[in-house]
Amino acid sequence: MALPAPATCGKLLLLLKHLGDGVDTSSSKRARKKSSYDVGSLIQAEITEIKPLELKVKFGSGFYGRIHITEVTDDNSAESPFSDYRIGQTLASRIVSKGSKTKNIKGGHGCELSIKPSLLKGSGEPDEGLPSEEFNYTYGQRVSGYVYKVDSDWAWLTISRDVNAQLYILDSSCEPCELAEFQNRLRVGKALSGHIITVNKEKKLLRLVMQAPADACGELDEKNYDRRLTCHLVEGSTVGGRISKILPGIGGLLVQIDQHQYGKVHFTELTDSWVSNPLSCYQEGQFVKCKVLEITRGVMGVVHVDLSLRSAPDASRDLGSSELNGGMHTSIQHVDKITDLHPDMVVQGYVKNVSSKGCFIMLSRKIDARILISKLSDNFVENPENEFPIGKLVVGKVLSVEPLSKRVEVTLRTSSALKEPKSGNNPVDHISVGDIISGRIKRIQPYGLFISIDHTNAVGLCHVSELSDDHIEDLETQFKAGEKVTAKVLTVDKERNRISLGLKKSYFKDEEVQASPGQSHDSAIGINDTIMLDEPTVTSQRNSASMEITNNESDNGHQPILADAESRALVPPLEVPLDDMETSDIEGDVGQTLVPVTNADTTAGEKKKRGAKRKAREEREQEIRAAEERQLEKDVPRNTDEFEKLIKSSPNNSYPWIKYMAFMLSLADIEKARSIAELALKRISSQEESEKLNIWVAYLNLENEYGNPPEEAVKKIFVRALQHCDSKKVHLALLEMYERTEQHKLADELFGTTVRKHCNSCKVWLRRIQSLVDRKSDGVQPVVNDALKRLPQHKHIKFLSKTAILEFKCGVPDRGRTLFESILRQHPKRTDLWSIYLDQEIKLGEADMIRALFERAISLSLPLKKMKFLFNKYLAYEKSTGDEKRIESVKAKAIEYAENNLA
């Protein structure tokens, strides 16, 4: 601009600039202001709205943004970070991110602001002090955040502006009351801290648990998903759970402890105290506090978790209303190890299964005990199934413990006789021949009745021939267990504590039947029976009697039934029926009491007695065998419902499962039989290895018979079985199946595989020898040579001796002799080998070979005790042949050897 002047002729001159030069429009002003709000800039922002998870703010001229709840403090630890702020308050903030125009942020470009103290310390220069936005989280890392959403099972947390996390309901606490209030307890905006167990980088999502996971898990990637989800579960830790299913019977509970992980609570781990029905206080969906007892991971990665709901698993349990000793209040310690048990220890448990011969009870998660029917009660038990239903709580005392076989015997009897020592007062002293006694029928057997005499600890057998003057075909139709009878004492054997009774009417014709004071006046049929008297306790009756019978029958040269039954009774409880021990004692008693005591001294009379006794024993065995077969036939389920009921009562027993499969095969339903096998493999506990192996063997046999094609089907099942069972047992089972079905080519191929994996196993090589011997093959010697190269040195004698026995029994005896000779050349002083060699020759029956071998044996220079054994064996053989000259010759040689060595 120029003022008026002569040069301008007195005019005012104005210079107009271009509109684009220096003219500031509103848009140019906003652009210039915007350029000053870059990421990292410090600004002053005014709060316009307060929400649970963010503050709405404005700054500058028409700019809006928000402050996320995680941008208030440095550690996300404040419980209510917005409590100190109000609308209209101005805050110093730093821009951490710029966003585009959105619906969420009112009016224009939205910015993400932060008021963290650590970010506000900078000078205000852009990008100074801003945190890295990299997603960098590791397993086990502890993080904090705020709840922004809650439903019935999950809580979602915001860890930062872009990272969220999930917390499962069962990971939030272990207290049932807190789990029940999950949604109310975790309100929106609540601060929480947890440990990372899974990381999803794509979704920027974390999975949290409240307890720190195990350090041993280390870094886990996405491939270890199943392991990550259970790695925070540690044996001995306490976790929250939710009851998913109440298993039927004594199955216990199935408890959910994670989104996809369940654990099982054993029936004995449900309550702190022993109660009659521990499942009554639980219902499905209920939250519980669990202790992790054991975690096992299967071959296929399946995780099995055993839990306990007892608050003090190591504490003693109160007996409650059940009292054992004279009303004394007693506490019973929970037993987890069989080594903690000892005889006379008071224990409590729940009935696991029951039969007419006794029952098994559960003392703890891993310990079962057997109770014979004679030990169930002081009184007569007519129907054990009704009086001791599955799940009933019982109190008893430990009789015996075998830690190696894990076999425990318990008695429920509480009579004082169990605790008193054996007294010198024998009940037989008060009973005389001709006495009339009263009692109750304790047991009915095909050969007679066992009668408990009133007011004594005596039990007698009344033989069937002494029951009535007339013949009785079926005892069970005429007599009942528990029935009162009156009998006459026929014989009393005080040395053996045995009494013989009679119930024949003819015994009472000339006598008036009078009961002694305190005895019953009920009339009964006259019976003659041999009564077995026990120690002052009825409990020890069977055991003491059985010992006497075993000795007596052995002396008479008979093969006692009891010896076989007792040997079977030594097998662990789950592999032997309860009636073995029970019936064996009875049979032994009868064996001694069938023939009344007489004064006949003639040899003919004694022979007649022995013949009658032998015949009676054989008839009795046939009757018992027939009765057992009828009982088995009676108890076999007839339809699927009965099988299902049987399986539910004992799901870990392979026998009903296999019977169920056979039943479906009999109906030509092959697929159903396969599905039953698969179901059995799932339901049978992983701890029951032998039971599972039985199912695998049955499955192999099924596919071998009905597979399409059988060879491929068997191979698939075989591969699966190897992953779950002992490899050697599975190989031997399949070898046996191939040999039994005469698939020799497949057996030979499988043996090649088996011997490569188990070349140090004597059983594998003997299985091969057995197969070749049965086939009458000439390839035995090469296999023997190969086995001796691979087997350890200490197994050579065992292998060679058993191979020789197989040759004697099924193969070529000369090859067996060669093997025995090779062993004895190296070990000439092994009398056990001489004895086996001699036994095989004796069974073969070549007298010249037997005597030549005996002569070689007695010519050895061995210790006197071993030589005595060999001479006795030689003498027994000659006695069996009946040659008196040879008997005297052996005796003379024995005397000569003794004189020479003693001199």
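Is Arg407 buried or exposed? I found Arg407 buried, because its relative accessible area is 4%. Here buried stands for under 20% relative accessible area, exposed for over 50%, and partly exposed for what lies in between (1.4 Å probe, protein chains only).

Before going on I noted the basis. This is a predicted model, in which local features need pLDDT of at least 70 and side-chain atom pairs count only at pLDDT 80 or more, while totals for chains, interfaces and linings use all residues. Residues are numbered from 1 along each chain as its sequence is written, and side-chain values use heavy atoms, with hydrogens and water left out.

Entry: the whole protein. I counted 25 helices and 28 strands; these are DSSP runs numbered from the N terminus, helices being H or I with at least four residues and strands E with at least two. Of the 903 residues, 44% are buried. The accessible surface comes to about 47,900 Å², and 50% of that belongs to carbon and sulfur atoms. The areas come from the Shrake-Rupley method with a 1.4 Å probe, and for residues only the protein chains shown count as cover. I also looked at contacts (heavy atoms within 4.5 Å). Among those between residues at least 6 apart in sequence, 60% join residues at least 24 apart.

Entry: salt bridges. I noted 36 of them in the structure. The term covers a side-chain nitrogen of Lys or Arg within 4 Å of a carboxyl oxygen of Asp or Glu.

Back at Arg407, I saw that its side chain meets that of Glu402 in a salt bridge, 3.4 Å from N to O. Glu402 counts as partly exposed because its relative accessibility is 27%.

Next I looked up Glu112 and Arg66, whose side chains form a salt bridge of 2.8 Å, N to O. This pair links distant parts of the chain, with Glu112 in strand E5 (residues 109-114) and Arg66 in strand E3 (residues 63-68), 46 residues apart. Glu112 is buried at 14% relative accessibility, and Arg66 is buried at 19%. Both belong to a network of salt bridges that links Glu54, Lys56, Arg66 and Glu112.

Then I took Asp258 and Arg207, which form a salt bridge with the closest N and O atoms 3.3 Å apart. Asp258 lies in the loop between strand E12 (253-256) and strand E13 (262-265) and Arg207 in strand E10 (residues 205-209), so the pair ties together parts 51 residues apart in sequence. Asp258 is buried with a relative accessible area of 1%, and Arg207 is buried with 5%.

Entry: backbone angles. Which phi does Lys204 have? I read a positive phi of about 55 degrees, although Lys204 is not a glycine. Lys204 sits in the loop between strand E9 (191-200) and E10 and is partly exposed at 31% relative accessibility. Asp344, also a residue other than glycine, has a positive phi near 70 degrees. I located Asp344 in the loop between strand E17 (331-333) and strand E18 (346-355), where Asp344 is exposed with a relative accessible area of 58%.

Entry: Ala180. I found Ala180 in helix H2 (residues 176-180), and Ala180 counts as exposed at 53% relative accessibility.
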